Amino acid sequence: MLPYRLLLALALPLLLMRLVWRVLRGVESRADLAERLGGGAASAPGALWLHAASNGELASARPLIEALLRRAPGRRLLITTNTLTARALAQGWAELRIEARLAPLDARWMLTRFLARHRPAALIVVENELWPNRLVMAQARGVPVFAVGARISARSARRWRKIGLGRRMMRALTALSAQDPASEAEFRALGLPAKRCLPRLNLKTAVAAPAPAEVLEWPRAATVLAASTHAGEEVLILRAFARARAARPGLRLILAPRHPRRAAEVAGAIRAAGLAFAQRSAGEPPEAPVYLADTMGEMANWYASAGICIIGGTFAPKGGHTPFEPAAYGCALVHGPSVENHAEAFGALDAAGGAWAVAPEALGPRLIELDARQQATLARAASAALAALGSHDGPNALAREILEKI
């Protein structure tokens, strides 16, 4: 833990400066900053503390949250998130037994404030939000710690071993439910005892697709969505799209970067590609061939508008974002080689013909080929392949296992 804490001590001043700058710019309020520092209004003691990074993780955890509330009618939930939009999502559920806060940073003094203020009965972390101080300090105070839908790549596991985190973090866990067999094997290799392994569950398999608030009036079969893209991917995708559009003039592109703060950079890439575009955040009507969807919390709109989805993070070394959400909306899935974050799901999709694995240089020609009939074929195969990975009773069974250990 010492190397991690030294690194955090060095990084913390920069993190605090960035948070203060966000307040000065009006992006966040002083109350938001107080929550990130472990303060803010206290919640009722004895709640189950569930932490999810952002919208996608929190939405995937909703079936588990509902199962916990249903099986423990006397319990309350304290939900923390890293983003304002995810906190708003939790608040929007209007569930009287749920309170939502921004998560404290993983600094010891902030966590000490947070734990003293809220006094949770247990900590449940979703997917890969395994922050060392958070886990270890909760366990040291007698708070049971659970990881659900947990995933870790071989690269991350190697990094944990290198800085000596793995075994200490595994000791802090009361139990862990891995997302897939490969992640479970990595956690076991890091020192997680077999008796602390809960049944594996990919939370995203139990999620129903929320209804979109708005659907673009574009022909769906001629609309491509590049979802949650990262630096380096936009240039590649725009080049491929321009090539495909030369052969299919009616083709349209919704470009949704993972981080909307990169909007200016992405807009520059669109201009450099010689393509006209409209920008969502500017309120511009979607009349150009490219629509820059640089807002948060609107992915349902774009999934529902597009017949083809290029999954971001797969054409950059990011491990790939979820295929479950676009598949739930009936999109035809296209991805690059970087898929380790959801290796089991992508493996099942590719084997069943539910997705196209595409080399970067072949992306343009593949977009030309993906007509309405091919899209429907891929969407049907994807739905069947991903459904086979899930368990209808998974969230309920996992809630029962957690509550029995508290």
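Colleague: Leaving aside its neighbours within four places in sequence, which residues is Leu165 in contact with?

Modeller: Once those neighbours are set aside, Leu165 has Met1, Tyr4, Pro132 and Trp160 as contacts, where a contact means heavy atoms within 4.5 Å. Before going on: this is a predicted model, so local features need pLDDT of at least 70 and side-chain atom pairs count only at pLDDT 80 or more, while totals for chains, interfaces and linings use all residues. Residues are numbered from 1 along each chain as its sequence is written, and side-chain values use heavy atoms, with hydrogens and water left out.

Colleague: How do you know what radius of gyration a compact globule would have with 406 residues?

Modeller: There's a rule for that: 2.2 Å times the number of residues to the power 0.38, with the radius taken over C-alpha atoms. For 406 residues the rule gives a value near 22 Å, and the protein chain has 22 Å, so the two agree. Buried residues make up 54% of the chain, which holds 17 helices and 13 strands.

Colleague: On to the cysteines. By this rule, what does the count of disulfides come to?

Modeller: The count comes to 0. Cys331 is in no disulfide, as the nearest cysteine sulfur, that of Cys309, is 5.3 Å away, and a disulfide takes a pair of cysteine sulfur atoms within 2.5 Å. Cys331 is buried, at 0% relative accessible area, whereas Cys197 has 21% and is therefore partly exposed.

Colleague: What makes Glu127 stand out in its phi?

Modeller: Glu127 has a positive phi of about 60 degrees although it is not a glycine. Most residues other than glycine have a negative phi. Glu127 is in the loop between strand 4 (122-126) and helix 6 (132-140), and with 2% relative accessible area it is buried. Ser228 also has a positive phi of about 60 degrees without being a glycine, but Ser228 is found in strand 7 (residues 223-229). At 11% relative accessibility, Ser228 counts as buried.

Colleague: And Asn301: why is that one called buried?

Modeller: Its relative accessible area is 4%, so Asn301 passes the buried test. Asn301 lies in helix 12 (residues 299-305). Neighbours within four places in sequence aside, its contacts are Pro212, Ala213, Glu214 and Arg280.

Colleague: Last one. By class, what residues does the lining of the largest cavity have?

Modeller: That lining has 1 nonpolar, 3 polar and 2 charged residues. Ala, Val, Leu, Ile, Met, Phe, Trp, Tyr, Cys and Pro count as nonpolar, Asp, Glu, Lys and Arg as charged, and the others, Gly among them, as polar.

How values were computed. Buried means under 20% relative accessible area, exposed over 50%, partly exposed in between (1.4 Å probe, protein chains only). Helices (H or I, at least four residues) and strands (E, at least two) are DSSP runs, numbered from the N terminus.
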